[in-house]
Amino acid sequence: MENKVIYWVELSDYDMDTADAMLVTGRYLYVGFMCHQVIEKILKAYWTAHLLEPQLKIHSLSRLAEKTELDKIMSEEQLDFIDCLEPLNIEARYPSYKERLFRSLTKEYCVDLLKQTKDLQSWIKSRL
């Protein structure tokens, strides 16, 4: 793999480890945020590996999946999961949204979120 691809893969893996650590410490808001980061960075690894055009500096998972054309081969469940992760990037950053997120991000929900994130990350990695 090219150095830039390795860079994005390693960042994605690091963020996955961080998401796991946040679950252990009960910082569920950041579990959600880091899960978004994991998928964003593995999508950027895929972009770097497969597209000739320069990578857009965007954070939208659905847009990254669309630009890489992975959305064409993803299952409905994977696309739905991306839609579920999408707001966790923005909402975790702004105080007006944090209260709503605190209520929705329970331990059980975050355990499932991590499992789905690991599955999708692994699926994308297998296509690098």
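Biologist: In which element is the place of Lys-41?

Modeller: Lys-41 sits in helix H2; helices are DSSP runs (H or I, at least four residues; strands are E, at least two), numbered from the N terminus. This is a predicted model, in which local features need pLDDT of at least 70 and side-chain atom pairs count only at pLDDT 80 or more, while totals for chains, interfaces and linings use all residues. Residues are numbered from 1 along each chain as its sequence is written, and side-chain values use heavy atoms, with hydrogens and water left out.

Biologist: Is Lys-41 buried or exposed?

Modeller: Buried means under 20% relative accessible area, exposed over 50%, and partly exposed in between (1.4 Å probe, protein chains only). Lys-41 has a relative accessible area of 15%, so it is buried.

Biologist: Which residues does Lys-41 touch, and which side chain is joined to that of Lys-41 by a polar contact?

Modeller: Contact means heavy atoms within 4.5 Å. Leaving aside residues up to four places away in sequence, Lys-41 touches Trp-8, Leu-11, Ser-12 and Asp-15. A polar contact is a pair of N or O atoms within 3.5 Å (within protein, one able to donate a hydrogen and the other to accept it; residues adjacent in sequence count only if both atoms are side-chain atoms). The side chains of Lys-41 and Asp-15 are joined by such a contact of 2.6 Å.

Biologist: How do H1 and H2 pack?

Modeller: Two packed helices are described by the angle between their axes and the distance between the axes. The axes are lines fitted to C-alpha atoms over the stretch in contact, and angles run from 0 to 180 degrees between N-to-C directions. Helix H1 (residues 3-24) and helix H2 (residues 28-50) pack at about 165°, with axes 8 Å apart. H1 is therefore roughly antiparallel to H2 (over 145 degrees; under 35 is roughly parallel, 65 to 115 roughly perpendicular, the rest oblique).

Biologist: What about Glu-40?

Modeller: Glu-40 is also found in helix H2. Its relative accessibility is 3%, so Glu-40 counts as buried. A polar contact of 2.9 Å joins its side chain to that of His-59. Beyond four places in sequence, Glu-40 touches Ile-58, His-59, Leu-61 and Leu-64.

Biologist: Where does Leu-70 lie?

Modeller: Leu-70 is in the loop between helix H3 (61-68) and helix H4 (76-91). Leu-70 counts as buried because its relative accessibility is 0%. Its contacts beyond four places in sequence are Leu-43, Tyr-46, Ala-65, Trp-123, Ile-124 and Arg-127. Leu-70 and Tyr-46 are 24 residues apart in sequence and 9.0 Å apart in space, C-alpha to C-alpha.
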